[in-house]
Amino acid sequence: MASTSTNIDASTQPAPAVETGRLLVSLPPLANGELNAALANLAAAFPERTILVATPSSLDVSPGPAPDRLHVLSYTPTSASAISWILTAADYVNAFRLAEENQATACLLLGAESQSIAPEALRALAEAVLHADADLAIAHYDTGPRELLVNSAILYPVSRALFTARPRFPLAIDLALSLRMAVKLAATAQKFVSLNQNDALIWPVAEAASVNYTIAEIEIGPRTMPQPTVSDLNSLLAQIAGSLFAEVDAKAAFWQRARGIQPARLFPLSTLPAEAADITPMLDAFRLAYTNLHGIWSLVLPPNSLLGLKRLSIMPVDSFHMPDSLWARIVYDFILAYRLRTINRGHLLGALTPLYLAWVASHLVLVRNGTAPEKHIQDLAAAFETDKPYLVSRWRWPDRFNP
Amino acid sequence: MWQQVHDSLSQSAHRVLFKLASFLPGLVALLVAVLVLALIGAAVAALLRRVLTSAKFDERMARNSPDAISDWSPSGSPTLLVARIAFWACVALGFIIGISAFDASSNGSQISTFLLPYLTHSVGAIVLLIIGNLVARFLERSVLIGAVNARLQYARFLSLGIKWLVLVLTAAMILDHLEIGGAIVELAFGILFGGIVLTLALAVGLGSRDIVSRSLEKNVERTEPVSNAPDSPTPSETLRHF
């Protein structure tokens, strides 16, 4: 295993510890009321600690009087990002610059809507890097069975199988970083920022795992998740999956060597939804794609996967089921095609959308039939781990015969 | 009389052989020029490949440039693209030198004045053909994937229409470039292009009839005062992908 993971439950955290390091909290751009709520939340989270709270300056926002122990630092970002629902390269660069200027020993990066996080959870995130010797403390959210499905289908299984890292939300928007972790992430982010790609996504779990830094996962309970401003699934999936595939490509030397199966974690099972979701539109989209995109898929997928998709295309709605091994193989083959540029990358990621919808439909059918959503996700991640040798083999010898 | 026939035949044969004799050195010069420049091109390409590979050109391009360059490169390798461009530039240079030599040795014969512009136009036509095919394939896939993800039932038909529009345009440009067909090509192109556009417009219009009517119905409903309780959210609204 490349990194050590620990799991900390916010509800079991001890009382606030004695101050031992300087903590910088980086907030996203917030409206006036939201900022005051976030400051009050931070004051409740750190009653005995002096902290620096950095917030991007805005003409129409002026924070109210902050509690004594909060030093609000209004700054003009050197690199601004147009995306606010997720952390981008610009956020990491700005956070590190502020931490360096203010001699902070740890950073707490919070995403939008962070005022909805419980103070205990905020404290647990910070304490993990200040006292528990973790370099990266990453949030574990309490989500519903129909939320963050891209994370469940692609991000978590790929991250767990390839980077041998357990965090359930590899692209979490609430993180605590040790100073050396902040340096590492800022260095990676700076490469994108210098190319004027401020909105590029950075994968903290992959970065930490590749340099063997310690990762802690903190359960922070329910949280209001910010929604993307763009509602187009195709472009969002292409952006997120494309970024992950690029990260896999960039870290190939690491994950080909990384070994170890991550033990399944016991999380409280999500409650089953009261009403069944209508999967017919998703299946219609998949079937339409099967008749039209078969030629493009055949450039990317091996015959076995195409046969599996053929079976799926004629499967009735009630028993629709995409095997975990088939989905794992599909994602791996798309990663390979991304690396080899078998077809244009924009086309490749566009062709993934209907397959992802088929997986979502299959997942929802399983949930409707009584399978616990989290159990299915853990089984899926295990299938990705089992199939990892296939990816390694084809990565090294892509022209070898592939059934 | 037989003597006259014999004389005219021998004179004719003499003229043809003389012309052939004056034509052959030019042809040999053309072939030699192309061959030598092709060999030089191969050497330059090999040298470039070696230098760029050692300089990790592909990795640098992948890191610092948008996808476009690598996407158009053979096997996704910008190094190979540069090497091949260098090779074919040398071959084209060989053709130009060879044709000039051919032209000089043929002393202004009608063959060279006909062949010279045609050969240069042929090179341009081949380039047009390659670019046209690439653009047609790219647009076909873009439209197909976009239309499928937009859940349009006539996605295949739309993408084929776009593909043939570009191919017809390319074919017309090539024929025009080669000066073949003249006005007939323009006329045929206009008819074909217009026909494809009309067919696509009809297909899209008829196929989207339901979508348009649904959209209009929604607009009408929005303008009416809401009297009932709000509808329960559709199942797709309860799904959150991000």
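How far apart do the C-alpha centres of domain 1 of chain A and domain 2 of chain A lie? In this predicted model, in which local features need pLDDT of at least 70, side-chain atom pairs count only at pLDDT 80 or more, and totals for chains, interfaces and linings use all residues, the two centres are separated by 32 Å. Residues are numbered from 1 along each chain as its sequence is written, and chains are lettered from A and ligands numbered from 1 in the order in which they are written.

Chain A is divided into domain 1 (5-233) and domain 2 (280-396), with bounds that come from an automatic or database domain assignment. The contact between them takes 12 residues from domain 1 of chain A and 13 residues from domain 2 of chain A, two residues being in contact if their C-beta atoms, placed from the backbone, lie within 7 Å. On the side of domain 1 that touches domain 2, α4(A) gives the most, with 10 residues; helices (H or I, at least four residues) and strands (E, at least two) are DSSP runs, numbered from the N terminus. By class, this side of domain 1 of chain A has 10 nonpolar, 1 polar and 1 charged residues, where Ala, Val, Leu, Ile, Met, Phe, Trp, Tyr, Cys and Pro count as nonpolar, Asp, Glu, Lys and Arg as charged, and the others, Gly among them, as polar.

Strand β7 (residues 175-178) of chain A is covered on both faces, with A:L175 and A:L177 buried on one side and A:A176 and A:S178 buried on the other; a residue is buried if 20 or more other C-beta atoms, placed from the backbone, lie within 10 Å of its own, exposed if 12 or fewer, and partly exposed in between. In a regular strand the side chains alternate between the two faces of the sheet. Strand β5 (residues 106-109) of chain A pairs with β7(A) in the antiparallel sense over 4 bridges, pairing requiring at least two DSSP bridges between the strands, and A:L109 stands opposite A:L175. Strand β6 (residues 136-141) of chain A also runs antiparallel to β7(A), joined to it by 3 bridges, and A:L136 has A:L177 as its bridge partner.

A:L177 is also, with A:V25, A:L125 and A:A137, among the residues that touch the most other members of the largest nonpolar core, which has 152 residues; such a core is a set of buried Ala, Val, Leu, Ile, Met, Phe, Trp, Tyr and Cys residues joined through C-beta atoms within 7 Å. Helix α12 (residues 345-368) of chain A supplies the largest share of this core, 14 residues. Beyond its neighbours within four places in sequence, A:L125 has contacts that include A:A137, A:A176 and A:I218.

Helix α7 (residues 233-250) of chain A has 18 residues and should span 26 Å at 1.5 Å a residue, in agreement with the 25 Å between its end C-alpha atoms, the expected span being 1.5 Å times one less than the number of residues. Its buried residues include A:L237, A:I240, A:L244 and A:F245, and the elements covering the buried residues of α7(A) include α4 and α12 of chain A.

Chain B has 9 helices and 0 strands, and buried residues make up 17% of its 242 residues. In helix α1 (residues 2-54) of chain B lies B:L20, which counts as exposed because it has 10 C-beta neighbours inside 10 Å. Between the chains, 24 residues of chain B are in contact with 28 residues of chain A, and α5(B) provides the largest share of the side of chain B that touches chain A, 8 residues.
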